Amino acid sequence: MTEQEAKKEIDRLVELLQRADYEYYVLGRPHLTDQEYDSLFDRLKTLEAQFPHLKRADSPTQRVGSDLTVDFPEVAHTIPVLSLDKAYTETEVLSWIEKTERAAGRPLGCVIEEKIDGVSLVLYYRGGILDRAVTRGNGRVGNDITPNARTIRQIPLRIPETGEVVVRGEVYLPLQYFDEINARMEVPYANPRNLAGGVLRRKNSAEVARVPLHFLAYDGYLPFPVATYTESLDLLIEWGFPVNPRHERIPAGTPDRAERIRAFIEKERTERATLDYQIDGLVFKVNELDVRDRLGYTGHHPRWAIAYKFEAPQAVTELVRIDVQVGRTGRVTPVARLKPVELSGSTISNVTLHNEDYVQALELAPGDLVAISKRGDVIPAIEKVVEKNEEGVPVWRMPEHCPECSSRLERRGAHHFCPNRSCPAVITGRLKFFVSPKQMDIRVLGNETIDFLVEKGYIRRIPDLYTFDYRRLLDEPGFGEKKINLIVQGIEESKRRPFSTVLVALGIPDVGPSVVETLIRGGITGIDRLLEIADRGDVDALTRLEGIGEKTARQLIETLRDPEWRKEIEELRKAGLSFEEERPEAVSGGPFEGQVWCVTGSFRHFTPRSRAEELISSLGGRVVSSVSSKTTHLLVGENPGSKLEKARSLGVQLVTEDQFIEMLKGAGVDPLG
């Protein structure tokens, strides 16, 4: 193929794939099958590899990201990127509109939009190509995260307008993905906004590409004049930008304006819980752009827009003290002990403070009066200090030594760790995690029993659970013949747990049920295969599996190369634990044939969730990762995510864990046997 022919073919493929991306990610109406798309995409990658100088800046291959790490240089914004003034009542909103009309000297149109609780992003286009994507920063200067932004499918890499265009918008993570992705995090994020922000600032854009971030545009600064904001929105839509359809346009002089505003606020407040993204309010904007120019800005906010906030319920109480807890990985976490206070139907007395930086940012000290909220209506959090303590107690700092073993703490990134593997808190934490109902389910070995066995020196490591002679406990108070027999029985039963359960129960950092499911689905079905990958230091073998990032891959490899971990695994293998996954074969014409299942939440008898998914597949059913109109059944465990609400709205059949077990038994499968 000549260079001219290659250029022509590359241009054709880019056009086809860009159109397909727009139809799939913005319109939701794809005309290419996945196989057809992949074939075109692979063809383009091959040509770009053969003729790298012909690769276009707007090539869809940019979407996959790069394994190279990059820094985020600071760049100045060319438009004002300010905060918004706030209103908390309908009366305040209506008063603001009237005041703004008086300042303008004429009736004004109004556009009401949802205030997406995401991460603000500014896109700069030059010559029709995405040139820079910059975070909000301090409003004047932000960080250039262009490689990461290119991986977000809703962001056009090319637009038909060749003049300089600036587009503001919001990056967010749909709720349907939040629980699944958050479960893979060593430190779970409090909400989808924080997770999206953390992902956007990863230095490896290939990791960003694996997270289904979404984008909605809401402001366009164009190289030619238009009369109204709604005209600019329509142009953005025409150019391929996704714009939230859930907005209200109220023309100037509308006689029932107040009623329409109240109705829209009530509608949004009512439907807010059913959305697949979080909103924390609404934004009211003047529609006439010439008036916006005249009104201008304060040093803090534009005078032509205001945010109406859905205020999260808050309570005020005293911060009594801050304790530190040492987890099974050695990580030390500060925890606020509060004077108990009622909030949204529950009593709050403890709040996780994550790390020292978090405490320092809030400037917390014992004795402070603090405001408490439930972020996402679920997770309690300290929002701010209402009043400082009168005793002059200074802001809390992390102690230098472990409260359990007195080892000097080490700081790694944002967190502090106890480096002592023999720390009593680390030992008991790992043991309690291993025997817990969601892991190996050795129910007779409760927390108090584990504490006793460790304190007496009977058990110091996980393999000791399988080698200790429990009859030695007959002389100990509270350990009769019956209890000891139950412990031994529980230990023997635990040897029948599948490899997927054993691997999670070991407590390898960053390796939870979702990561194990990904490994097994990717063909890594036994410990020997994992150890081979670790011995080679083959990070790529893990990161090529969708959902496993470089950090997790390196952590897993580092752990499995550690002699102490290897010794522990071999001892457990010798004790009879399963280190190879047995996967049931799918049955054609099975009782679940024709059914489409989705799974949400956590389960007592199916840990990780892939055990339930495998059984569904073995009986002829099809398992999908998200709920849609084609889904027939949703298996619901504890703490279900947003999939539950979506399934209810679509009339999908809901199946509890107990009902699922009965369905399996009816199909001739005993999952508990």
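This is a predicted model: local features need pLDDT of at least 70, side-chain atom pairs count only at pLDDT 80 or more; totals for chains, interfaces and linings use all residues.
Trainee: At what angle do helix H3 and helix H9 pack?

Mentor: Helix H3, residues 90-104, and helix H9, residues 257-271, pack at an angle of about 140°, with their axes 11 Å apart. Angles over 145 degrees would count as roughly antiparallel, and H3 and H9 are therefore oblique to each other.

Trainee: Which residues make the contact of H3 with H9?

Mentor: On the H3 side they are Glu90, Leu94, Ile97 and Glu101, while H9 brings Arg257, Ala258, Ile261, Arg262 and Ile265. Sorted by kind, the residues of this contact are five nonpolar, no polar and four charged.

Trainee: How should I read a salt bridge, and how many does the structure hold?

Mentor: In general, side chains of opposite charge can pair when their charged atoms come close. The structure holds 48 salt bridges, and one of them joins Lys388 to Asp368, with the closest N and O atoms 2.8 Å apart. Lys388 lies in the loop between strand S16 and strand S17, and Asp368 in the loop between helix H11 and strand S15, so the pair ties together parts that are 20 residues apart in sequence.

Trainee: Are Lys388 and Asp368 buried or partly exposed?

Mentor: Lys388 is partly exposed, with a relative accessible area of 40%, whereas Asp368 is buried, at 0%.

Trainee: Which residues are linked in a network of salt bridges?

Mentor: Such a network links Lys7, Asp11, Glu15, Arg56 and Arg158. For another pair, look at Glu492 and Lys495, whose side chains meet in a salt bridge of 3.1 Å from N to O; Glu492 is partly exposed at 40% relative accessibility, and Lys495 is partly exposed at 23%.

Conventions:
Residues are numbered from 1 along each chain as its sequence is written. Side-chain values use heavy atoms; hydrogens and water are left out. Axes are lines fitted to C-alpha atoms, for helices over the stretch in contact, and angles run from 0 to 180 degrees between N-to-C directions. Helices (H or I, at least four residues) and strands (E, at least two) are DSSP runs, numbered from the N terminus. Angles under 35 degrees count as roughly parallel, over 145 as roughly antiparallel, 65 to 115 as roughly perpendicular and the rest as oblique. Contact means heavy atoms within 4.5 Å. Ala, Val, Leu, Ile, Met, Phe, Trp, Tyr, Cys and Pro count as nonpolar, Asp, Glu, Lys and Arg as charged, and the others, Gly among them, as polar. A salt bridge is a side-chain nitrogen of Lys or Arg within 4 Å of a carboxyl oxygen of Asp or Glu. Buried means under 20% relative accessible area, exposed over 50%, partly exposed in between (1.4 Å probe, protein chains only).
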